[in-house]
Amino acid sequence: MSTPKHCAWCNAEIAAPHTAALVEGDASMTCCSEACAVNRKHATDSNYKALIPLCTAQLKQGISAELADECYISMEAVTTSVKIEAMESTLLQICEGKGMLPSDPIEGVGVEGLSATLRLIGLKKTGRETQHGVKIGTARGALDLIQCAEYGGEHAYQVYNFCAAPAQDESDDWMRDLLNE
Ligand SMILES: [Zn+2]
């Protein structure tokens, strides 16, 4: 078996012996470092290769006011244009690859914005892990790992969503989360 020449994540040349193989025996899945191997694993788990086409198709189609109101669930009075804006921003960020890695999550759309967008493109949430007190840039907040899947489909996805800590009380958060499970 020939030695792989490039890292499966950063594409850097790998001097033998290589340091981390993601899948044992699979030379095409060999990375130059542990950090690259972790990123490559996140990228594989995210399944963005299949998720991005769903988002570009939705952006092309546009988001009607009816769809926005149907998909975006909130306890607060959110205007339809704000709902559409949040969903468009989420779709665009995913198309740019944001949300694939915990170090580069989706930002500025909140729990509601991401939940609405997943509904919009026909996905259901299947899991959620929240890390509190995470710092992204200068902002501190919660980092959600949202797992989702197609209804009756075979594809599963995962997306990292950063929600900057707002000044709001905890009962509100609890209700919001419940509504968007
Ligand atoms: Zn690398």
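1. The axes of α4 and α5 come within 9 Å, crossing at roughly 75°. (Axes here are lines fitted to C-alpha atoms, for helices over the stretch in contact, and angles run from 0 to 180 degrees between N-to-C directions.) The two helices are therefore roughly perpendicular to each other; angles of 65 to 115 degrees count as such, while under 35 is roughly parallel, over 145 roughly antiparallel and the rest oblique. From α4, Lys83, Ala86, Met87, Thr90 and Leu91 meet Gly113, Leu114, Ala116, Thr117 and Leu120 of α5. Contact means that the C-beta atoms of two residues, placed from the backbone, lie within 7 Å.

2. A word on what you are looking at. This is a predicted model, in which local features need pLDDT of at least 70 and side-chain atom pairs count only at pLDDT 80 or more, while totals for chains, interfaces and linings use all residues. Residues are numbered from 1 along each chain as its sequence is written.

3. Now the overall layout. The chain has 6 helices and 6 strands, arranged along the sequence as β-β-α-α-α-α-β-α-β-β-β-α. Helices (H or I, at least four residues) and strands (E, at least two) are DSSP runs, numbered from the N terminus. Of the 181 residues, 29% count as buried. A residue is buried if 20 or more other C-beta atoms lie within 10 Å of its own, exposed if 12 or fewer, and partly exposed in between, with C-beta atoms placed from the backbone. Among contacts with a separation of 6 or more, 52% are between residues 24 or more positions apart.

4. Next, find the sheet. It is an open one of 4 strands in the order β3-β6-β5-β4, with mixed pairing; two strands pair if DSSP finds at least two bridges between them. β3 (106–107) and β4 stand at the edges with a single partner strand each, so one side of each has no neighbour in the sheet. β5 and β6 are joined by 9 bridges in the antiparallel sense, and Leu145 stands opposite Tyr160 in β6. Helix α5 lies across β3, β4, β5 and β6, and runs at about 155° to β6.

5. Is strand β4 mostly buried or largely in the open? Of its 14 residues (123–136), the number buried is 1, so β4 lies largely in the open. β4 runs antiparallel to β5 (residues 139–150), with 11 bridges joining them. Lys135 stands opposite Arg140 in β5. The hairpin of β4 and β5 has 2 residues between the strands, and Gly137 there takes a positive phi near 65°.

6. Which residues touch the most other members of the largest nonpolar core? They are Met87, Ile106, Leu114 and Val159, in a core of 26 residues. Two or more residues of this core come from each of α2 (48–61), α4 (80–95), α5 (110–120), β5 and β6 (156–164). Such a core is a set of buried Ala, Val, Leu, Ile, Met, Phe, Trp, Tyr and Cys residues joined through C-beta atoms within 7 Å. Leaving out residues up to four places away in sequence, Leu114 touches Thr90, Ile106, Val109, Ile146, Val159 and Asn161. Apart from this core lies another, of 8 residues, including Cys7, Trp9, Cys31 and Cys32.

7. Cys36, Ala37, Asn39 and Ser46 of α1 are buried.

8. Most residues other than glycine have a negative phi. Asn11, however, has a positive phi of about 70° although it is not a glycine. Asn11 sits in the segment before β1 and is exposed, with 11 other C-beta atoms within 10 Å. Asn47 also has a positive phi, near 60°, and its place is in the loop between α1 and α2. With 17 C-beta neighbours inside 10 Å, Asn47 counts as partly exposed.

9. Finally, visit Ala15, in the segment before β1 (20–21). Ala15 is exposed, with 10 other C-beta atoms within 10 Å.
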